[in-house]
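Let's learn to read a structure together, one feature at a time. Have a look first, then we'll talk.

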Amino acid sequence: MQPSMFNVRVPLESAGASGDVFLMNTFTDAQVIVSSDVVGLLDRIASDPDLNLTAEEQSALSTLSEHGFVVNDRQAERTRVEAFFREVREDTEQLRVTVLTTLQCNFACDYCFQGDHGDYNKFADKMTLDTAARVADWTEQRLEAVAPESFVLTLFGGEPLLNLPVAYYLAERLWNACVARGVRMMINVITNGLLLTPEVVDRLAPYGLNGVKITLDGDHDTHNRMRPLRGGQGTFDKIIENVRKVADRCRITIGGNFDESSVDSYPALLDYLKEQDFADKLAKVAFKPIIREPKPQAPKGFIPLTAVATNGKPLNGTCMTSAGGGTSICGSCNFVDEKLAFVREETKKRGFPTVDGVHMGPCEIHRSHAHTIAPDGSLYACPGFTGDKTQSTGHIDGRRDDLRTRAATQFERLAAWKECNDCAFIPVCAGGCTVAAHTELGNMHRPNCHKSSFEAGVVSIAREAAARELATIN
Ligand code: SF4
Ligand code: SF4
């Protein structure tokens with residue numbers, strides 16, 4: 001017998017539970033508070049698997065084994081993890097398609113990968129209704145081939161609401177395709193919020209509108225500096241007004257992107273949100289770091305992040321999946337990890353539902369049945385690669401060329417976590433964000449590690465578990 005390699009432990013002295021230890025297994029997600037004797041027992045079997053045990057110790061180990069804290073041998077555990085990643089890759093329960101309806105945007109955020117800061121992207125790709133019809137054809141073929149239980153359509157951009165005809169067309173047509181096949185459909189919209197109206201929500205609601213994610217990049221003044229209109233005007237007040245108008249009609253998630261210049265304004269933003277009449281209607285509030293194009297002489301204080309396409313424009317990396325569903329931490333230094341934990345704790349303190357910093361992945365790049373479609377119909381493994389045509393894995397019209405075939409092959413064999421040795425966070429991290437590894441490390445097959453962020457997340461979960469236990473006792 002051996003302790004599982006996926007056990008993490010947090011001593012609870014500082015949480016007022018002297019001698020007790022919080023144990024979590026990231027593979028089974030089992031969580032338990034145990035005495036230091038139990039932890040001692042785990043340490044003893046780690047150093048001598050053939051230890052003579054008392055009946056009481058055997059019983060304790062048997063309980064721990066039921067929850068995955070103890071395994072027969074590490075090799076078998078590694079084999080199970082490999083099987084887990086294969087299952088994630090081949091999982092047919094859900095088909096996910098993210099459609100970038102346009103790369104155009106009405107904002108001029110200087111960190112955005114889609115933004116062309118010379119012309120503010122007004123000439124960028126926009127999906128035509130003809131392409132949208134072919135996207136729907138292609139998606140129907142995938143629905144047939146995969147036969148999923150559910151289908152998630154995510155409308156993304158640029159600013160997806162700048163192309164409402166395509167958004168409405170895809171929603172209605174794919175809804176009918178799902179109804180005909182008995183598949184449950186959900187629509188997510190990721191928008192800057194400026195064009196979000198009750199009419200848009202009401203138009204998408206009959207087709208399974210699940211949630212709308214809106215970005216606020218700090219308090220009023222900070223957001224207006226970070227996310228101005230093309231003409232430089234602020235957008236904060238208008239977005240808040242729009243959220244207020246639709247908060248009764250759909251699930252709203254507030255996301256945001258911070259850097260060193262804006263992170264300290266997040267407590268003020270959270271206080272402001274807490275005072276709003278729609279505060280208790282927010283389904284999730286979760287923020288993450290900005291990924292920036294690395295500049296050799298970046299001023300001190302900039303997060304040295306990610307991402308340049310062949311045309312010199314920054315790639316994504318600000319993973320759109322993260323605030324909505326969990327996932328990316330997409331950053332590259334301890335500043336990011338510390339600040340991520342800081343913002344998450346501030347969000348929790350105010351009682352908003354948020355991500356816990358541990359249950360983050362594996363993200364959609366590890367799933368064969370998750371696709372991203374650019375406005376021209378090119379396919380990508382995840383939204384973070386859409387700025388880089390050399391990373392396209394195919395096309396909705398079925399065309400293949402050497403570049404696409406090569407890209408598809410390399411995404412299929414992604415397994416950066418295999419280089420993570422016996423890290424306890426492999427099942428929830430999978431080796432980190434592939435986009436960040438590709439752009440920061442020049443190799444998408446290497447881990448992009450933010451272990452300290454996961455560790456901070458576990459400490460937070462442990463404190464909450466200890467507080468719950470204390471409340472039960474008292
Ligand atoms: S690889 Fe990175 S950007 Fe892409 S889905 Fe995963 S976390 Fe997000
Ligand atoms: S990237 Fe870091 S935290 Fe993630 S699994 Fe690898 S070693 Fe662990």
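**Reading a hairpin and a helix**

Q: Where is there a hairpin, and how many residues lie between its strands?

A: Strand 12 and strand 13 form one, with 4 residues between them, and G377 in the turn has a positive phi of about 95°. Strands here are DSSP runs of E, at least two residues long, and helices are H or I runs of at least four, numbered from the N terminus. Before we go on: this is a predicted model, where local features need pLDDT of at least 70, side-chain atom pairs count only at pLDDT 80 or more, and totals for chains, interfaces and linings use all residues. Residues are numbered from 1 along each chain as its sequence is written, and chains are lettered from A and ligands numbered from 1 in the order in which they are written.

Q: Which strands pair with strand 12, parallel or antiparallel?

A: Pairing takes at least two DSSP bridges between two strands. Strand 6 (residues 94-100) runs parallel to strand 12 over 4 bridges, with V97 bridged to H371. Strand 13 (residues 378-380) is antiparallel to strand 12, with 2 bridges; T372 has Y380 as its partner.

Q: In helix 8, which residues are buried?

A: Buried means 20 or more other C-beta atoms within 10 Å of a residue's own, exposed means 12 or fewer, and partly exposed is in between, with C-beta atoms placed from the backbone. In helix 8 (residues 236-246), that's F236, I239, N242, V243 and V246. They sit on the same side of helix 8 because they cover an arc of only 130° around the axis, taken from the directions from the helix axis to the C-beta atoms. Exposed D237 and E241 are on the face turned away from that buried side.
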